[in-house]
Amino acid sequence: MARVSPTNGFKPSASWKVWLGVVPFFLFAILFLLLPSFRLLTASFSTPEGAFTLDNIRQLFTEPLIVNSYRLSIQISAVTALGGGIFGFLLAYSVTVGGLPKQLRSVLITFSGVASNFAGVPLAFAFVATLGRQGFITAVLKNIFNLDVYASGFNLYSFAGLSLVYMYFQFPLMVLIMAPALDGLKKEWREAAENLGANTTQYWLKVAMPVLLPSILGSMILLFGNAFGAYATAYALTGGRIGLVTIQIGAQIRGDVLYNPGLGYAMAVGMVFIMAVSLTGYSLLQAKTERWLK
Amino acid sequence: MSFLSRLRRFPFWGWFWFILGVLYFVLPLYATVAFSLSWDPADPFKAYERSFGDGRFWDSFLLSNTLALTTIFASIALVVPTAYWIRLKLPQARRIVEFLTLMPFVVPAIILVFGMIRIYSQPFTIPFTDIVFMQPLTQFKAGTNIMIVAGYMVLSMPYMYRSVDTGMRTVDIRTLTEAAQSLGASWFTIITHIILPNIRSALLSGALLTFAIVVGEVVLASFLGVQAFGPYLFLLGQHRAYEPAALSFVSFLLTWVAMGLIQLVTGGQEQTVGAH
């Protein structure tokens, strides 16, 4: 830590010495965050021999295996972001302005905090116990309602099943983000709308929704990114049989599927790009909402 | 009439969504517990006894806890002085540091570990010479441990930095620093004896989040070949049926305890702020 004499004290100083205080942090960020990321970027533009090439990037858009994995990842992220977003919003609505007792709110928020972090191997096992072939709900549906979900085409280890599992950490995240935004809806707006003769539907369509919409869309984008980067849950559930981008990259690290490392780097860069775009969209929309909900 | 108006005011949709949500939350957990207890009707806790009786469980669990604690202390040592320094002397660096701490949201764990392995599986050489400065980190145990702790620090950075920064907002670090300096305290004393105690609830909430992230993490541990709890649970799941369910429930409870403590701690913090 740089020692600065008390006399030139507490004004932000332009002296280069003040920057010494943040050197450890920047050194850490460079070594373990920026360097690994940039290594992938540069390597995705080079052949194994080190010459410059655009081939890897081109293959990203032409190689069917890669294109399909991106399509699959985007599909599952979009489906779970939409589903989790809508359901999470309704749930957040129910405990904020939906008229439920106040105590339920803190219960739900705590639970959401846990569930949004409950991903990976344990989550996959929990759903196998619930909706697997021998699962609890599967058995209940079969024995009581005489409905064999597996015979009627459902499969936990498929796209639909994986989406259902992802929803377990998607909608609590939506609850966590949307609850404060719904709190921001001012009582006066509703009263003013009712004084002017608006009914509930009109209030929601004309007043609340326009204010909340950027926040809802932004949160859904965040959910999209959340699902897009997930790896362990899908791998534990399907053992890598569903070819998400993360699974393909994992296979590339293990080195048993792809033989072209440049392509692996390019896939990683493509992922980072998509994540960066979605996070930028999130922060832009969030900033738009904050104007109203303070 | 009064019954009808009560019915009209009854928040039907509120309850409907809430109950649906609770079912979604609870049913998988219930199924997991029920399954883990169903191994042997004569001895319902057989799966738990077997899991806890396995030495590899304790090894991996202890290792994950050690890694979590190391990560927490290293993160605090890195983040607190940085956040403090930025508030006090370097507000112009705030944006870039905040940007860096949010980067882990953009770079998923699988990409991070991919990049780290590619970089640190080659020996460091002094530029323009063939002199090997350090062996590849992936080739010896301490090196792998450094990498995994650093990776966990990156993953928990967004949460840790935000908690610490929010914690510092509530105390007047400038006045505290001036007072300490006029009494002759060194920077080290100021940070360890003045700043840290004043933001302890923020530190605790950051630490517990880090703990919840690290215990049970799979991607970094399995790709770096560290025998942590996450990979152990994954392997167990491929060979056994009942023990993984038992351990999944245990790990869920652990996360829950951590989150409950955060609620308790941050809730308490808000109260003290309100009481002033």
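**Exercise 1. A residue and its surroundings**

Leaving aside neighbours within four places in sequence, Leu147(A) is in contact with Leu141(A) and Lys142(A). Find where Leu147(A) is placed in chain A, and decide whether it is buried, partly exposed or exposed.

*Solution.* Keep in mind that you are looking at a predicted model.

- Step 1: Look between α6 (136–143) and α7 (159–183) of chain A; the loop there holds Leu147(A).
- Step 2: Take the relative accessible area of Leu147(A), which is 40%. Partly exposed covers the range between under 20% (buried) and over 50% (exposed), so Leu147(A) is partly exposed.
- Step 3: For a sense of distance, compare Leu147(A) with Ala179(A): they are 32 residues apart in sequence, and their C-alpha atoms are 37 Å apart in space.

**Exercise 2. A positive phi angle**

Describe the place, the accessibility and the phi angle of Asn146(A).

*Solution.* 

- Step 1: Asn146(A) belongs to the loop between α6 and α7 of chain A.
- Step 2: Its relative accessibility is 68%. Exposed means over 50%, so Asn146(A) counts as exposed.
- Step 3: Phi of Asn146(A) is near 55°, and this positive value occurs in a residue other than glycine.

**Exercise 3. Where two chains meet**

Describe the interface of chain A and chain B: how many residues are in contact, how much area is buried, and which residue classes make up the side of chain A?

*Solution.* 

- Step 1: Count the residues. Chain A contributes 80 residues, in contact with 79 residues of chain B.
- Step 2: Turn to area. About 7400 Å² is buried between the two chains, and carbon and sulfur atoms give 82% of that.
- Step 3: Check for salt bridges between chain A and chain B: the count is zero.
- Step 4: Check for polar contacts. Five residue pairs across the interface are found, with both residues at pLDDT 80 or more.
- Step 5: Ask which element of chain A gives the largest share of the side that touches chain B. That is helix α1 (residues 23–43), with 14 residues.
- Step 6: Sort the residues on this side of chain A by class: 60 are nonpolar, 17 are polar and three are charged.

**Exercise 4. One residue facing the other chain**

Which residues does Thr82(B) contact, leaving aside its neighbours within four places in sequence? Is Thr82(B) buried or exposed?

*Solution.* 

- Step 1: Locate Thr82(B) in helix α4 of chain B.
- Step 2: List its contacts beyond those sequence neighbours: Val22(A) and Phe25(A).
- Step 3: The relative accessibility of Thr82(B) is 2%. Buried means under 20%, so Thr82(B) counts as buried.

**Exercise 5. An aromatic pair in chain B**

Work out how the rings of Tyr84(B) and Trp187(B) are arranged, and which helices they link.

*Solution.* 

- Step 1: Begin with the whole structure, which holds 48 aromatic pairs over all chains.
- Step 2: For Tyr84(B) and Trp187(B), the ring centres are 6.2 Å apart and the planes make an angle of 65°. Planes over 60 degrees apart count as edge-to-face, so this pair is edge-to-face.
- Step 3: Tyr84(B) is in helix α4 (residues 55–88) and Trp187(B) in helix α9 (residues 187–198), so the pair links distant parts of chain B, 103 residues apart.
- Step 4: Both partners count as buried, Tyr84(B) at 0% relative accessibility and Trp187(B) at 7%.

Technical notes: Residues are numbered from 1 along each chain as its sequence is written. Chains are lettered from A and ligands numbered from 1 in the order in which they are written. This is a predicted model: local features need pLDDT of at least 70, side-chain atom pairs count only at pLDDT 80 or more; totals for chains, interfaces and linings use all residues. Side-chain values use heavy atoms; hydrogens and water are left out. Contact means heavy atoms within 4.5 Å. Buried area is the accessible area (1.4 Å probe) that two parts lose on being put together, summed over both. A salt bridge is a side-chain nitrogen of Lys or Arg within 4 Å of a carboxyl oxygen of Asp or Glu. A polar contact is a pair of N or O atoms within 3.5 Å; within protein, one must be able to donate a hydrogen and the other to accept it, and residues adjacent in sequence count only if both atoms are side-chain atoms. Helices (H or I, at least four residues) and strands (E, at least two) are DSSP runs, numbered from the N terminus. Ala, Val, Leu, Ile, Met, Phe, Trp, Tyr, Cys and Pro count as nonpolar, Asp, Glu, Lys and Arg as charged, and the others, Gly among them, as polar. Rings of Phe, Tyr and Trp (its six-membered ring) pair if their centres lie within 6.5 Å; planes under 30 degrees apart count as stacked, over 60 as edge-to-face and the rest as tilted. Buried means under 20% relative accessible area, exposed over 50%, partly exposed in between (1.4 Å probe, protein chains only).
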